[in-house]
Amino acid sequence: MPVLLRTVTRKFSSSVRTAKSLPLSLVSARERGIPIDVHPEVEQALLENKPLVALETALVTHGLPYPINLETAASVERHVRSAGAIPATIGVIEGRVKIGLDSTQLAHLADVHNNCGSVKLSRRDIAAAVALKKDGGTTCSATLIFAALAGIKVFATGGLGGVHRGGQDSMDISADLQELTRCPVGLVSAGVKSILDIGRTLEYLETLGVPVVTYGETQDFPAFYSPDSGFKSPWRVNDPATAANVLFTQWGLGMTHGVLFGVPIPESYAAVGKELQEAVEQAIRESQENGMDKQGKQVTPWLLERVRQLTAGKSLASNIALIENTALKGAQIAVAYALIKQHHDGPKHVTTGGVPTTLPPSEAPASLVVVGAAAVDVVAQARTIPDADSSCGRHSTSPGTVALHLGGVGRNIAEAAHRVSVSKFQSRPSETFLVSSVGDDSLGRLLLEEMRRIGMRTNGVITSGEKSAVCNMVLDGFGNLIGGVADMDIIHSIEPEMVISRVVEHDPALVATDANVSPAVLKALVQHCNANDIQCDEPTSVIKSTSILPAISSALGSDFDGGSPIKFASPNLLELTELYKCARTEPWELMSHDYWWRTVDKFSIGTEFRSSLDRLARENAGKGTLSFLVDRGIAQMAVNLLPFFQHLVIKCGDLGVLLAMRFPTDRPTAWAGERTDIQRRQIVVHGKSELVVIKHYPAHEIDPQSLVSVTGAGDSLVGAILATLTQNSSTFDSPELVDQVIALAQSAAVQTLQSPLAVSPSLSSSA
């Protein structure tokens, strides 16, 4: 079933806008109680897409002597500001992560004589330092982590860690390298520290798949004190716009690793590089002789200090110069990146000469964002129905037709919503935006070309190196699904951050997702939507129908009382049963949660409801009665799931559609004036502080001879509902409007039942 996430309004209060605009990872960490303080200037920059540069503090606490460390840190921040960016110096003070330090906090970390307990923080140290309320200076790896968490795209530092000399035996490899595979941040440095094995470091970065780019006139990879390490970078750029475009392209492709930009030391300091390198070699020999090379993270500070002594301070001057230079270059890249990002998603807020710009349909903000699978359906249908005693069709082939169609639940819903929006409401074709993934193959190209042909937007569909999704379905002669195999793994290549960025970018009235996406994406969407007053829809098969439960469990927490985590779901009868069974049993046991008990108690379900349900179950339902509501426990299961799903639109096939809804009584709704009316097939329970509605809609009549395929009918129903909700987000609050939208949705489903395609083209002309 799909999960609908609806924004109540496009205009947010300042508090909601802050939660919506800040990166999901940062918001989530704060919600989990992690002590993270973002400097007000940095937070404002994040909200307004201003250029930011992350800066480390291990240099302050463990790299330079006092007071040079403080002077250098302040100078580096000035260099960042001189290029038009905002510095975000990162550190830990008394167990609180600081993203952006004021002058007092920076001075506190720099005063190593009176604050000798500061620790040098890599990935392995972060949790312990925070839990034990320590002070700490962040290394490259820790700074990368917090920069990525805060959505800062550029981090400037002096030199990157790497493979230590003899690392092939000692396995002494800096955590900085692995961190670049996890954090989508551009790390701007003067290359790898010259005390390390630069050749093996570059080989290891290649193995990890981290792009290495020289930022300079040649392709020489810099060696900290020297502009030339003797090794070449695979790539070279020489201007901030090109460097920024590398980062932006990685973001657009949904890639989650960083980029290493190697910036040569300023030319005026290059001449002493040879002398400094000789001192480096001597310091390394001494460390091997005195055993310092076995002292782990103490090795680097000792070597740098020894080099400073051997060069009578010349190395210190070069060290400061290269740090200031990388900060300047990093700031220039950050400014360029902000401009590219603004050009990409800013025109809807930008004016030219005082007149708002008009975006082309492919770039205009959408009212509906659908996240889910885009696939090619290979549909095989037998022409005849074998006799019960016949072996035809068993372990053999049957005469019939085989066809290729566009499919994928997310894509189907988006197409149905697109067609209904254009035909029924005369909306612009760009109202619906699909976020999906296709392969760089013939099927992927087919999907994109056909979606463009029918007027759908495709700029939210990324091209992946994996193969396109394919669903092979076998239908009987009546068009009923017998079985099939779905290869949908490519949809898992979509990263949560990319999905959330698209939602933030469009600020849509509605967001929906299917359950083909990864659990991480589902969880991220539920968290984001609950933080921003957005609503949710459903999974796509019995196997996947419970994939939303981990996200619900995560959203509930220990003291959740904010209404249903998911605002709207549309399961079929089998999916509803599976959802109920899994929600009440291990490992989720959601119906043991205090929130569930508190909410169900507010429903005040009693004997009057059960009596009304028994009467409703005797009503006619086409081929029989509505007895399945009681006999199969459908109504009971639906009511028990309402604490988690505010509105359930249950697809009952030829038995029609069943609605189960809940409304807080402190919020205006036209249902407050409604009463139970069995002739109208509705039960209304006025509880303590919640109103519960059960309502049935008979199936539309359809000539069995006109039925072609059941595939996509449910998706068309959901798409039609979403198209209506984009026009009026309060549709469920009105009994009359609910009647209208269900009639429209059932009509859309019938049209698709009479079409060989997953979504009937006739939805574009009538709905």
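Predicted model: local features only at pLDDT ≥ 70, side-chain atom pairs only at ≥ 80, totals over all residues.

Me: Which residues of α20 are buried?

Reply: Val521, Leu522, Ala524, Leu525, Val526, Gln527, His528 and Cys529 are buried in α20.

Me: How do I read confidence, and where in the chain is it lowest and highest?

Reply: Confidence is given for each residue as pLDDT, from 0 to 100. The chain has a mean pLDDT of 84, and 88% of its residues reach 70 or more. The lowest confidence is in strand β13 (residues 351-352), with a mean of 30, and the highest is in strand β8 (residues 154-156), at 98. Over residues 6-20 the pLDDT stays under 50, and the model has 40 contacts beyond four places in sequence for them. Residues 388-393 also have a pLDDT below 50. That stretch has five contacts in the model beyond near neighbours in sequence.

Me: How many salt bridges does a search of the whole structure find?

Reply: The general idea comes first. Side chains of opposite charge can pair when their charged atoms come close. In this structure, the search finds 22 salt bridges. One of them joins the side chains of Lys98 and Asp37, at 2.7 Å from N to O. Lys98 lies in strand β5 (residues 96-99) and Asp37 in strand β2 (residues 36-38), so the pair links distant parts of the chain, 61 residues apart. Asp37, Arg96 and Lys98 are linked in a network of salt bridges.

Me: Is Lys98 buried or exposed?

Reply: Lys98 is buried, because its relative accessible area is 12% and the cut-off for buried is under 20%. Asp37, at 23% relative accessibility, counts as partly exposed.

Me: Which residue forms a salt bridge with Lys688?

Reply: The partner of Lys688 is Asp601, with 2.9 Å between the closest N and O atoms. Lys688 lies in the loop between β28 (682-686) and β29 (690-697), and Asp601 lies in helix α23 (residues 594-603), so the pair ties together parts that are 87 residues apart in sequence. Lys688 counts as exposed, at 58% relative accessibility. Asp601 counts as partly exposed, at 43%.

Me: How do I read a sheet, and in what order do its strands run?

Reply: Four strands form an open sheet in the order β17-β16-β20-β21, and the pairing is mixed. β17 (400-407) and β21 (481-487) stand at the edges with a single partner strand each, so one side of each is left without a neighbour in the sheet. On average, neighbouring strands of this sheet are turned by 15° against each other, direction ignored.

Me: Over how many bridges do β16 and β20 pair?

Reply: Strand β16 (residues 375-382) and strand β20 (residues 469-475) pair over seven bridges, in the parallel sense.

Terms used: Residues numbered from 1 in each chain as written. Heavy atoms only, no water. Buried < 20%, exposed > 50% of the residue type's maximum accessible area, 1.4 Å probe, protein only. Helix = DSSP H or I, 4+ residues; strand = E, 2+ residues; numbered from the N terminus. pLDDT = per-residue confidence, 0-100. Contact = heavy atoms within 4.5 Å. Salt bridge = Lys/Arg side-chain N within 4 Å of Asp/Glu carboxyl O. Pairing = 2+ DSSP bridges. Axes fitted to C-alpha atoms, helices over the stretch in contact; angles between N-to-C directions.
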